[in-house]
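This report describes a protein fold and the contact between two chains. Look at the structure first, then read on.

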Amino acid sequence: MKFAIVVNEGPYTHQASDTALQFTKAALAKGHEVVRVFFYHDGVNNGTKLAIPPQDDRHIPNNWAKLGKDNQLDLVLCIAAAQRRGILDEKEAQRQGKDANNVIDGFRISGLGQLIEAGIAADRTITFGD
Amino acid sequence: MSEEMQQEADGRVKKFMYVNRKAPYGTIYALESLEVVLIGAAFDQDVSLAFIDDGVFQLVKNQNTTEIGVKNFSPAFRALGDYDVNKLFVDKESLDERGLGLDDLMELTWEDEDDDWEEKPSIHLVSRQEMKTILGNQDVILSF
């Protein structure tokens, strides 16, 4: 089965991101396909490269980046939500004239169309939120 | 992956349902949910919106946000009819629980080109039971 995963909350404050990650891992382990993981609302904060959580606890952004890399996942941060919240990759920072960028390698920034497209392509779309 | 997906996406029509359960302005979910609907309209899918619990507040008429300095985005709901988004299901029990009625809500309409462009209401009051059936018939449910 093909899954589209939507993450609507940021790391740590809500369980949504953890649950989505565990679900994605489990789905892949069972041989399912995850066509895209789309991060919306505060979910875009899962893509920050600047998080420094306590050493004895999980590193959520890095865990997503690793899962994405190990399984060739398409991790997409919504551009509108990201701009609102100050999440910019190098290209966006240059485009907007900002002097810094903060997106981890492995996430890409794109439009809401990617969410709709994933919903059309997948057999099931699952949202993880509050 | 995206090119493949693009080809698969072309031509397929699915029932997309956007579920709204939160009031506007207190949190951003109402605004950002509407943004998905407006962008999603370009994909020509079979779109419905559900307003349940505090989500019904999103459709209340005469919203005035001047004093809180936040943009009043309720006028954007009026554009939905022009984008063929005309199935806005409002949970009746949610309205009752909040002391609201249909006449407290904005008059949202669409023009039916198959019926001499007659103006028809986009808001449909449904019972909780009916809402359950409607949700069960969807292909893609996006919850905000």
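Two strands are said to pair if DSSP finds at least two bridges between them. The model described here is predicted.

## A pair of strands

In chain A, strand S1 (residues 2–7) and strand S2 (residues 33–39) are paired in the parallel sense, over six bridges. Within this pair, Val6(A) stands opposite Phe38(A) of S2(A).

## The sheet

S1 and S2 belong to an open sheet of five strands in chain A, in the order S4-S3-S2-S1-S5, with parallel pairing. Strand S4 (107–110) and strand S5 (124–128) of chain A are at the edges and have a single partner strand each, so one side of each is left without a neighbour in the sheet. From one strand to the next, the twist averages 25 degrees. Strands of a sheet pair through backbone hydrogen bonds, and the pairing can be parallel or antiparallel.

## Helices on the sheet

Helix H1 (residues 16–29) of chain A packs on the sheet, where it touches S1, S2 and S5 of chain A. The direction of H1 makes about 165 degrees with that of S1(A).

Helix H5 (residues 113–121) of chain A lies across S1, S2, strand S3 (75–78), S4 and S5 of chain A. H5 runs at about 155 degrees to S2(A).

## Contact with chain B

In chain A, 19 residues are in contact with 20 residues of chain B. Helix H3 (79–85), H5 and S5 of chain A each supply at least two residues of the side that touches chain B. H5(A) gives the most, with seven residues.

Which classes of residue make up the side of chain A that touches chain B? That side has 10 nonpolar, seven polar and two charged residues.

Notes. Residues are numbered from 1 along each chain as its sequence is written. Chains are lettered from A and ligands numbered from 1 in the order in which they are written. This is a predicted model: local features need pLDDT of at least 70, side-chain atom pairs count only at pLDDT 80 or more; totals for chains, interfaces and linings use all residues. Helices (H or I, at least four residues) and strands (E, at least two) are DSSP runs, numbered from the N terminus. Axes are lines fitted to C-alpha atoms, for helices over the stretch in contact, and angles run from 0 to 180 degrees between N-to-C directions. Two residues are in contact if their C-beta atoms, placed from the backbone, lie within 7 Å. Ala, Val, Leu, Ile, Met, Phe, Trp, Tyr, Cys and Pro count as nonpolar, Asp, Glu, Lys and Arg as charged, and the others, Gly among them, as polar.
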